[in-house]
Amino acid sequence: QGLGRRQRQMCIRDRAYTMSTSRVLYAMGGGDRNKTGYDHTSTWAGWGGLGIYQEVPWGITVYAEGKLRYSVSDGDYLFLGKPRETTRLDGRKVLTKRDFSFYGLAPQLDYTYTRNWSNDELSKFESHGLAVTLTRAF
């Protein structure tokens, strides 16, 4: 039984609720089963989240979302002596200047935040990201 027998099954549900022409709410959730052939790396996971798209004054569009994910391994994790459990929080905020065009592209500022809690000390972390990009989808 090696990694060549890896299987992944996913179930994802996303819904968009249009509240007005300038505001859309998103609800997302799902689960997955990841089988690798080894109990300590095979996992069950579930997640859910909310997002909002909002056009605000000054030609700016804001998209913000938050997701919470929980996963647990089937068997005892190496050197831990019990199944690894992980809870992950992801946040994202994107600002797009929709009324400014540079060759048909709009500037975008994308901030991400991730916090990972786990009973495995090596899997605990916190990270921040910031990207400045150009986008055509606005």
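This is a predicted model: local features need pLDDT of at least 70, side-chain atom pairs count only at pLDDT 80 or more; totals for chains, interfaces and linings use all residues.
The mean pLDDT of the chain is 89. Of its residues, 91% reach 70 or more. Among the elements, strand β6 (residues 106–118) has the highest mean pLDDT, at 97. Strand β1 (residues 7–20) has the lowest, at 77.

The pattern along the sequence reads β-β-β-β-β-β-β. The radius of gyration is 19 Å, whereas the globule rule gives 14 Å for 138 residues. The value found is well over that of the rule, so the chain is more spread out than a compact globule. Along the principal axes, the C-alpha atoms fill a box of roughly 55 × 30 × 25 Å. Of the 138 residues, 28% count as buried.

Glycine 59 sits in the loop between β3 (43–56) and β4. Its relative accessibility is 11%, so glycine 59 counts as buried, the limit being under 20%. Lysine 97 is 38 residues away from glycine 59 in sequence. In space, the two are 5.8 Å apart, C-alpha to C-alpha.

Charged side chains were examined next. Side chains of opposite charge can pair when their charged atoms come close. The count for this model comes to eight salt bridges. Three of them are described here, including two that link strand β2 to strand β4.

One of these bridges pairs aspartate 32 with arginine 69. The closest N and O atoms are 3.5 Å apart, and the cut-off is within 4 Å, so the pair counts as a salt bridge. Aspartate 32 belongs to strand β2 (residues 23–35), and arginine 69 belongs to strand β4 (residues 60–76). The pair therefore ties together parts that are 37 residues apart in sequence. Aspartate 32 is buried, with a relative accessible area of 5%, whereas arginine 69 is partly exposed at 26%.

Another bridge pairs arginine 33 with aspartate 74. Here the closest N and O atoms are 2.7 Å apart. Arginine 33 is in strand β2 and aspartate 74 is in strand β4, so this pair ties together parts that are 41 residues apart in sequence. Arginine 33 is buried, at 12% relative accessibility. Aspartate 74 is partly exposed, with a relative accessible area of 32%.

A further bridge pairs lysine 124 with glutamate 121. The closest N and O atoms of this pair are 2.9 Å apart. Lysine 124 is partly exposed, at 39% relative accessible area. Glutamate 121 is exposed, at 57%.

The lining is made of 13 residues. Those nearest the centre of the pocket are Asn34, Thr41, Thr43, Ser71 and Arg84. Strands β2, β4 and β5 (83–97) each give two or more residues to the lining. By class, the lining has eight polar, four charged and one nonpolar residue.

Terms used:
Residues are numbered from 1 along each chain as its sequence is written. Side-chain values use heavy atoms; hydrogens and water are left out. A salt bridge is a side-chain nitrogen of Lys or Arg within 4 Å of a carboxyl oxygen of Asp or Glu. Helices (H or I, at least four residues) and strands (E, at least two) are DSSP runs, numbered from the N terminus. Buried means under 20% relative accessible area, exposed over 50%, partly exposed in between (1.4 Å probe, protein chains only). On a 1 Å grid over the protein atoms alone, a cavity is a set of points where a 1.4 Å probe fits but cannot get out, and a pocket is an open set with protein on both sides within 12 Å along at least five of seven lines; lining residues have an atom within 4 Å of a point. Ala, Val, Leu, Ile, Met, Phe, Trp, Tyr, Cys and Pro count as nonpolar, Asp, Glu, Lys and Arg as charged, and the others, Gly among them, as polar. pLDDT is the predictor's confidence in each residue, from 0 to 100. The radius of gyration is taken over C-alpha atoms; the globule rule is 2.2 Å times the number of residues to the power 0.38.
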